[in-house]
Amino acid sequence: MSNNWLEATLYGIVDLGYAPEDRLPEVTRALIAGGAGIIQLRAKDRTKDEILAWAKELLPICREADVPFIVNDFIDIAVAVDADGVHLGQDDGPLSAAREQFNEPKIVGRSTHSPEQAQAALAEGADYIGFGPLFPTPTKKGRPGIGLENIVGVQETVGSKIPVFCIGGIRRDNLPEVKAAGAQRVVVVSDLLLAEDIATAGQAIISHL
Ligand code: 3NM
């Protein structure tokens, strides 16, 4: 895997809350065609057997496109399929523990919800962070929006070292506002996955960043 993903401005998530499970390869290809430079499989409340099977199905699609394939939450599944990395939340343990389970360097990302958490993830050795949710979002229920005011600061401090992907409630229609607040890279889940044409929607997002 190359380091091209470090330039990614759009992070695509194949989220089983929106993507129909019989169309995951198609959705993955469309996200990549839309310009997603890194792809994550996210399947909340699904069995590990299901997630393992989907990961095996999607990994080769990402490999062929030289786009890293990241598994959300489950280090063991990421290791089992030889994914390109894992994404962990605040409660998913130290990043070093995840890194130790891979027998070669892999991408380890962390969700962060405040500037302090963003700094801590950098200090802990995260390869990238998610920063959000900027706005409340049904995709991640029960979390307040953190707003736009800290993006510039996190972008300058953390974003000069590792990619910072703003996330949470970002849509094509509020992207100008998010960009004006300093975001350089974004994760867009529902607005992309529910778009009539995912690839075209992805390209539109990238062209406005
Ligand atoms: N993580 P949408 S917000 C998966 O802040 C996720 O860590 C978040 O989905 C975080 O683009 C979020 O549909 C949901 O709002 C993003």
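Which elements do the buried residues of α9 pack against? Keep that question in mind while you set up the view, because helices (H or I, at least four residues) and strands (E, at least two) are here DSSP runs, numbered from the N terminus. The model is predicted, so local features need pLDDT of at least 70 and side-chain atom pairs count only at pLDDT 80 or more, whereas totals for chains, interfaces and linings use all residues. Residues are numbered from 1 along each chain as its sequence is written.

**Stop 1: helix α9.** Select residues 198-208, where the buried residues are Ile198, Ala201, Gly202 and Ile205; a residue is called buried if 20 or more other C-beta atoms lie within 10 Å of its own, exposed if 12 or fewer, and partly exposed in between, with C-beta atoms placed from the backbone. Looking down the axis of α9, you will find its buried residues within an arc of 100° (taken from the directions from the helix axis to the C-beta atoms), so they line one face of the helix. These buried residues pack against β1 (10-15), α1 (24-33), α7 (175-180), β8 (186-187) and α8 (190-193), where contact requires C-beta atoms, placed from the backbone, within 7 Å.

**Stop 2: the core.** The largest nonpolar core has 67 residues, and those with the most contacts inside it are Ile39, Ala55, Leu58, Cys166 and Val186; such a core is a set of buried Ala, Val, Leu, Ile, Met, Phe, Trp, Tyr and Cys residues joined through C-beta atoms within 7 Å. Helix α2 gives the most to this core, with seven residues. Select Ala55 next, which, leaving aside neighbours within four places in sequence, is in contact with Leu41, Val71, Ile77, Val81 and Ala83.

**Stop 3: annotated positions.** The UniProt annotation "binding site", from an unreviewed entry, covers Asp73 and Asp92. They span 20 residues in sequence, yet no two of their C-alpha atoms are more than 7.2 Å apart, so they gather at one spot. UniProt positions are given in the numbering used here, feature names are shortened, and annotations may be inferred rather than shown by experiment. Asp73 is in the loop between β3 (69-72) and α3 (75-81), and Asp92 is in the loop between β4 (85-88) and α4 (95-101). Asp73 is partly exposed, with 19 other C-beta atoms within 10 Å, and Asp92, with 17 such neighbours inside 10 Å, also counts as partly exposed.

UniProt also lists, for "binding site" in an unreviewed entry, several residues including Gln40 and Lys44. Gln40 is in strand β2 (residues 38-42) and is buried, with 27 other C-beta atoms within 10 Å. Not counting residues up to four places away in sequence, Gln40 touches Ile13, Val14, Ile70, Asn72 and His87. Lys44 is in the loop between β2 and α2 (48-65) and counts as exposed, with 12 C-beta neighbours inside 10 Å.

**Stop 4: backbone geometry.** Most residues other than glycine have a negative phi, and most peptide bonds are trans. Select Asp45, in the loop between β2 and α2, where phi is near 60°, a positive value in a residue other than glycine. Then move to Asp82, in the loop between α3 and β4, whose phi is near 60° and positive. Finally, centre on the peptide bond from Gly132 to Pro133, which is cis, with omega near -5°; Pro133 is found in the loop between β6 (128-131) and α6 (151-157).

Conventions. Two residues are in contact if their C-beta atoms, placed from the backbone, lie within 7 Å.
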